[in-house]
2 protein chains.
Amino acid sequence: MVKQDKPKVVIAGGGLVGALNACFFAQRGWNVEVYEARNDIRRMAHVGGRSINLALSRRGMAALEAVGLKNYIVERGVEMHARLVHDIDGKTTHRQPYGQPGEHIVSINRRHLNEALITAAERHPNICFYFRHKTIKTSQQKKEDGAKSSNYRGTVSLTVQSADMILACDGAHSAVRRSLMSRPMFQYSQTYIEHGYVELNVRPTKDDQFALESNVFHLWPRGNFTLIALANTDRTFTVTLFAPFELFRKELNTDTNLWQFFQHYFPDVTILLGKEEIISAFHHSDGSRREALPLVSIKCEPHVFESNRVLLMGDAAHAMVPFYGQGMNSGFEDCLVLTQSLETRCADLHSIVDLSMYNYNELKDLVNKTDYKLRKRFDLFLNKYFPTKWIPLYSMVTFTRIPYSQVIALRQWQDSLIRKCLWVFASSAVISATVLYTYIGKREIFHQYFSWFIKYFN
Amino acid sequence: MVKQDKPKVVIAGGGLVGALNACFFAQRGWNVEVYEARNDIRRMAHVGGRSINLALSRRGMAALEAVGLKNYIVERGVEMHARLVHDIDGKTTHRQPYGQPGEHIVSINRRHLNEALITAAERHPNICFYFRHKTIKTSQQKKEDGAKSSNYRGTVSLTVQSADMILACDGAHSAVRRSLMSRPMFQYSQTYIEHGYVELNVRPTKDDQFALESNVFHLWPRGNFTLIALANTDRTFTVTLFAPFELFRKELNTDTNLWQFFQHYFPDVTILLGKEEIISAFHHSDGSRREALPLVSIKCEPHVFESNRVLLMGDAAHAMVPFYGQGMNSGFEDCLVLTQSLETRCADLHSIVDLSMYNYNELKDLVNKTDYKLRKRFDLFLNKYFPTKWIPLYSMVTFTRIPYSQVIALRQWQDSLIRKCLWVFASSAVISATVLYTYIGKREIFHQYFSWFIKYFN
């Protein structure tokens with residue numbers, strides 16, 4: 001299924017960032033292998049864990065656009081144009097637009113987005129998703145039992161020999177990153193904040209409409225804790241309570257306290273949630289008390305290892321608390337930046353291949369030509385007086401780090417500028433020759449001028 | 001070899017902290033298993049890696065004393081009473097005493113110390129060292145193939161079922177800690193500083209004496225980099241250069257630069273080191289350039305997991321840069337604090353066992369006695385006016401968290417105080433009775449007094 005002649009990328013993790021990377025690399029024609037520890041999300045009855053909806057903004061959209069999925073995804077989301085702040089009285093609200101008119105973010109269902117990305121990636125023939133396969137190790141050394149081994153539980157040992165590139169998109173608790181922890185100079189920190197979260201759900205009204213205004217981000221700020229609500233396309237709202245763990249433990253420890261707390265601080269949304277929903281959100285299905293989920297902030301440096309062949313991306317590189325709505329967006333931008341830098345490099349390398357061919361021509365022939373010598377002298381003359389504005393071709397290639405593709409563009413700009421100058425000069429000369437011919441009658445001089453210019457500029 | 005009826009501790013790592021913990025737990029009669037990834041250090045020709053000598057100070061000594069090794073170790077070290085700061089001129093020095101006269105630290109050979117600790121631990125019958133066994137995982141779940149499995153390379157999978165207590169003393173790159181990284185609320189950071197180090201060696205003089213003053217810590221501070229030297233018992237000095245990696249890369253990149261650098265900044269010690277030693281310290285035995293070694297600072301929280309049954313200790317819990325000389329000392333103090341808290345708990349539990357027995361006596365008999373009732377009333381009376389100074393026995397046990405052993409001590413203090421007060425009262429009474437008898441002649445009153453007091457206070 002996977003041909004071995006093309007470059008190969010192994011992606012650890014088939015979540016949002018892993019699946020988007022798969023789209024990018026499949027699109028580039030690489031052979032792609034994705035290892036995802038969970039089942040295929042498209043075949044799962046229930047997806048536990050992470051938050052249900054996400055706010056897609058410009059950076060994430062740009063990345064989706066590059067794989068042709070932006071419109072499909074945005075159309076299946078709910079636009080949010082402003083924050084709507086709810087007062088404690090349950091009546092007053094304040095509207096805070098997000099930006100200029102037209103600037104908005106989009107509430108997206110995580111599961112739907114993940115499914116769309118996997119399906120889009122799988123349209124390419126050169127891609128393989130391995131679900132229920134957990135990546136367990138990345139090591140510089142080739143393992144004795146082969147570069148890749150998979151036991152009955154579907155664990156995959158990766159080494160740098162497994163592929164031309166390994167992308168660790170395996171989330172905040174990245175196994176790949178963990179295997180790199182003892183690399184010298186690998187700076188790392190993970191910080192859990194003292195606040196946790198619990199998710200709840202507001203159902204549609206009886207006539208199947210949104211129970212709250214849909215095109216805003218709802219916010220109930222209460223000093224040390226806060227409630228937010230984002231609309232879903234099924235007309236439900238996902239409501240999240242962020243509060244200190246201590247508050248969860250000490251004040252929200254009984255059903256009565258819980259109900260009174262919601263009634264007191266969030267009266268308007270509490271009516272919509274209902275007592276049953278609130279109580280059940282704080283309990284597991286077996287009736288035991290549900291702990292609030294923790295929020296972690298992760299920083300590390302570098303994000304690249306093994307001569308840029310192993311990359312940490314998304315939450316594996318930079319997990320963040322959700323309060324800017326940039327976790328997914330920054331992860332998606334990672335994919336875009338990577339693919340753009342590979343593309344740029346590719347264009348650059350095509351350029352130097354062409355330039356090398358041109359330079360052979362120069363070396364074997366042009367250096368003897370008068371035109372070439374004049375141009376060379378002219379280039380060096382201008383370079384002397386405009387050392388940063390006018391750099392000769394050979395110097396740009398050899399004595400600067402200007403990207404190769406830009407070198408060609410700059411040379412073309414130089415050529416066109418010279419041509420324009422020469423045309424101005426030539427036109428003035430033609431005009432003056434015509435004047436000479438008409439008024440003074442020295443035909444011979446005119447003929448000489450004209451034929452010389454025609455020759456030179458063709 | 002190891003009996004299964006006693007509590008069992010598994011120690012990951014047989015370095016300094018692991019081996020000291022082994023001594024403590026073997027001494028307490030626990031069954032001890034130590035897994036060390038390297039060979040037995042006592043059988044190794046050369047020990048690579050970590051710094052050769054260490055400064056033992058009060059905290060480390062206290063821990064060694066508790067396992068009876070302090071004198072043995074300190075006698076085999078070199079006392080350091082002051083810092084001796086060397087000026088750039090190669091002549092002037094400034095002496096900075098470490099503390100009051102008599103307060104000093106001791107330069108100790110790491111290898112010798114590690115060997116002594118392992119040998120001391122092995123004297124106990126209830127201990128087993130497994131060398132070349134690397135601890136690879138600690139997980140809450142029992143592994144399907146048994147609690148402990150060891151393959152041909154000697155890796156050991158630990159679970160919390162493996163032992164009553166697991167001590168992770170497996171160093172800055174602790175595998176046990178790595179397996180705990182994704183625990184919720186586990187705060188962690190590792191920070192490599194921009195400076196690295198290279199170790200050199202000053203040989204004894206031709207007549208086998210110390211080439212520098214031996215009982216001081218030598219220091220050549222030079223602003224952005226520094227050189228230190230600690231004496232060894234074999235009359236050599238271990239010299240360490242700490243400097244920015246950039247300086248190593250850019251200024252110490254050739255043998256010539258290296259030699260000039262040392263001659264310029266550390267002229268006095270450079271003569272003692274010699275060009276050959278300096279050059280060879282910066283090269284591997286195969287002639288390739290040796291990189292400066294990195295320095296890492298690690299903080300994490302908590303240090304205990306699985307209901308206090310898995311503990312991170314030493315560098316596994318708190319690796320630090322060496323500039324306070326407290327890496328080993330704090331690790332050793334960890335062992336002391338742990339054993340003391342276990343001992344305290346043990347003494348506490350013995351106390352409550354005894355107190356419970358006493359309280360049975362109280363319940364079945366004493367409560368009917370007038371003495372008891374009087375004392376109870378007196379205790380409650382005092383407690384009312386001195387609620388924190390005078391707490392009745394039952395209240396201390398039941399309504400406070402005063403350690404049980406302290407409860408007994410406080411009760412004994414109360415008893416002795418009451419006895420003293422009563423003696424004062426009794427003495428005054430005797431004196432007054434004597435006065436009554438002598439001067440007033442009321443013999444009967446005196447007899448009554450006297451016999452009552454004799455009865456009461458015996």
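**Entry 1: Phe378(A)**

Is Phe378(A) buried, partly exposed or exposed? I looked that up before anything else. Phe378(A) turns out to be partly exposed, with a relative accessible area of 38%. For my own reference, buried means under 20% relative accessible area, exposed means over 50%, and partly exposed is in between, with a 1.4 Å probe and protein chains only.

Before going on, I note that this is a predicted model, where local features need pLDDT of at least 70, side-chain atom pairs count only at pLDDT 80 or more, and totals for chains, interfaces and linings use all residues. Residues are numbered from 1 along each chain as its sequence is written, chains are lettered from A and ligands numbered from 1 in the order in which they are written, and side-chain values use heavy atoms, with hydrogens and water left out.

Back to Phe378(A): I find this residue in helix α12 of chain A. Helices (H or I, at least four residues) and strands (E, at least two) are DSSP runs, numbered from the N terminus. Not counting residues up to four places away in sequence, Phe378(A) touches Trp390(A) and Ile418(A). Contact here means heavy atoms within 4.5 Å. I also checked Asp348(A), which is 30 residues from Phe378(A) in sequence and 27 Å away in space, C-alpha to C-alpha.

Tyr385(A) is exposed, with a relative accessible area of 54%. Together with Phe381(A) and Phe386(A), Tyr385(A) forms a nonpolar patch on the surface, and the three have about 370 Å² of accessible area together.

The patch rule took me a moment. Members need over 30% relative accessible area and no salt bridge; like charges are joined within 9 Å, and nonpolar side chains (Val, Leu, Ile, Met, Phe, Trp, Tyr) within 5 Å. The areas come from the Shrake-Rupley method with a 1.4 Å probe, and for residues only the protein chains shown count as cover.

**Entry 2: salt bridges**

How many salt bridges does the structure hold over all chains? I get 33. The rule asks for a side-chain nitrogen of Lys or Arg within 4 Å of a carboxyl oxygen of Asp or Glu.

I picked out a few. In chain A, Asp415(A) and Arg375(A) meet through their side chains at 2.7 Å, N to O. Arg375(A) is buried at 18% relative accessible area, while Asp415(A) is partly exposed at 23%. Both belong to a network of salt bridges that also links Asp379(A) and Arg411(A).

Arg111(B) is partly exposed, at 24% relative accessibility.

Another one in chain B joins Asp255(B) and Arg289(B), with the closest N and O atoms 3.4 Å apart. This pair links distant parts of the chain: Asp255(B) is in helix α7 (residues 255–265), Arg289(B) in the loop between α9 (275–281) and β16 (293–301), 34 residues apart. Asp255(B) is partly exposed at 33%, and Arg289(B) is partly exposed at 29%.

**Entry 3: where the chains meet**

What is the area buried between chain B and chain A? About 1,800 Å², of which carbon and sulfur atoms give 50%. Buried area is the accessible area (1.4 Å probe) that two parts lose on being put together, summed over both. Strand β12 (residues 187–202) of chain B gives the most to the side of chain B that touches chain A, with seven residues. The contact takes 20 residues from each of chain B and chain A.

I searched this interface for salt bridges and the rule finds zero. Polar contacts do turn up, in twelve residue pairs, both at pLDDT 80 or more. A polar contact is a pair of N or O atoms within 3.5 Å; within protein, one must be able to donate a hydrogen and the other to accept it, and residues adjacent in sequence count only if both atoms are side-chain atoms.

I zoomed in on Ser189(B), found in strand β12 of chain B. Ser189(B) is partly exposed at 22% relative accessibility. Leaving aside neighbours within four places in sequence, Ser189(B) is in contact with Tyr188(A), Ser189(A), Ser297(B), Ile298(B) and Lys299(B).
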